[in-house]
Amino acid sequence: MVYTWSNSEFTHMNPRRPSFLIEALDHYDPVVKKFALQSLSQLHFENHDSRIHLLASDAGEIVQVRAYAWNVLLDSPHRRESIERLLEMSRLGSPEAKEVVAVALGRVDTPRTREALVELMSSNDNRVALAALTSSAGLRDEAAARELEWTIVYGDGLHRAAAAGGLKRIDPAVASRVTENLMSCYLLGPFTGMRLVEAWAMIDADPSTVYGWGLSHEDEGVRMQSIWLIGQRRDVEYLERVAAFLRDPSPAIRGLAAWAVLRLARGP
């Protein structure tokens with residue numbers, strides 16, 4: 001995702017340029033730093049560990065930004081130190097920082113990180129508890145996976161959609177199993193269904209169940225999200241299925257189908 005920041009100099013940022021993102025770490029606005037670190041966590045880069053480590057270690061920086069920095073450093077030679085600092089923040093950080101920590105610890109499977117996630121799941125802050133639950137499910141905690149599934153179906157308000165979107169962070173096999181259960185056993189609301197389909201853009205597993213469910217869904221938004229997913233994943237074998245939507249009564253669906261057909265026609 002490309003984030004558009006209010007600061008005019010970042011409006012047209014390129015998240016694939018690590019040097020640009022490193023420069024953003026010197027910005028005065030912590031939101032800019034946060035978005036830069038989120039992008040850096042998805043990139044492979046070299047020779048910038050020291051700058052990120054400096055930010056992570058800066059006691060004058062807000063704790064949430066430091067947590068994002070330690071998360072990036074999990075993929076660096078500073079991994080061991082990062083784990084220790086994240087575990088410390090899981091006990092002492094702000095709720096905003098603990099939410100970041102809960103996501104980060106889902107990338108580290110040790111008895112200590114699992115124990116910390118259990119503690120975070122009991123947080124009074126729903127964002128922290130849900131992030132920790134999703135991470136625990138991703139570490140193949142069967143009880144957590146069942147609770148995540150329950151949350152997607154029966155959770156309060158936006159928690160259902162947030163839990164569905166969180167599937168993109170967990171083990172693909174677990175995400176597949178949970179998704180199949182959800183689509184075969186429950187009625188999901190449109191917003192939750194859209195978030196569930198959207199998550200599959202980043203799940204490295206067979207999406208055929210999602211396509212079949214989404215393309216035939218009664219809600220137009222879910223159908224549109226499913227067409228987008230096929231185009232986003234460039235699944236060329238579904239070209240004819242998507243092309244059929246070029247004759248759909250909805251102009252929104254026809255437009256998205258045209259976009260998807262163009263992407264599919266260019267090949268994977």
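Student: Is Tyr-186 buried, exposed or in between, and what is its relative accessible area?
Tutor: Tyr-186 is partly exposed, because its relative accessible area is 29%; buried means under 20%, exposed over 50%, and partly exposed is in between, with a 1.4 Å probe and protein chains only. Keep in mind that this is a predicted model, where local features need pLDDT of at least 70, side-chain atom pairs count only at pLDDT 80 or more, and totals for chains, interfaces and linings use all residues. Residues are numbered from 1 along each chain as its sequence is written, and side-chain values use heavy atoms, leaving out hydrogens and water.

Student: OK, how many aromatic pairs are there?
Tutor: The count is three aromatic pairs. Rings of Phe, Tyr and Trp (its six-membered ring) pair if their centres lie within 6.5 Å; planes under 30 degrees apart are stacked, over 60 edge-to-face, and the rest tilted. One of them is Trp-150 with Tyr-154, a tilted pair at 5.6 Å centre to centre and 45 degrees between the planes.

Student: And which kind of pair do Tyr-154 and Tyr-186 form?
Tutor: That one is edge-to-face, with 6.1 Å between centres and 85 degrees between the planes. Ring pairs link Trp-150, Tyr-154 and Tyr-186 into a cluster.

Student: New topic: what does Gln-232 touch?
Tutor: Leaving aside residues up to four places away in sequence, Gln-232 touches Ala-201, Trp-259 and Arg-263 (contact means heavy atoms within 4.5 Å).

Student: How far apart are the C-alpha atoms of Gln-232 and Glu-198?
Tutor: They are separated by 9.8 Å, though the two residues are 34 apart along the chain.
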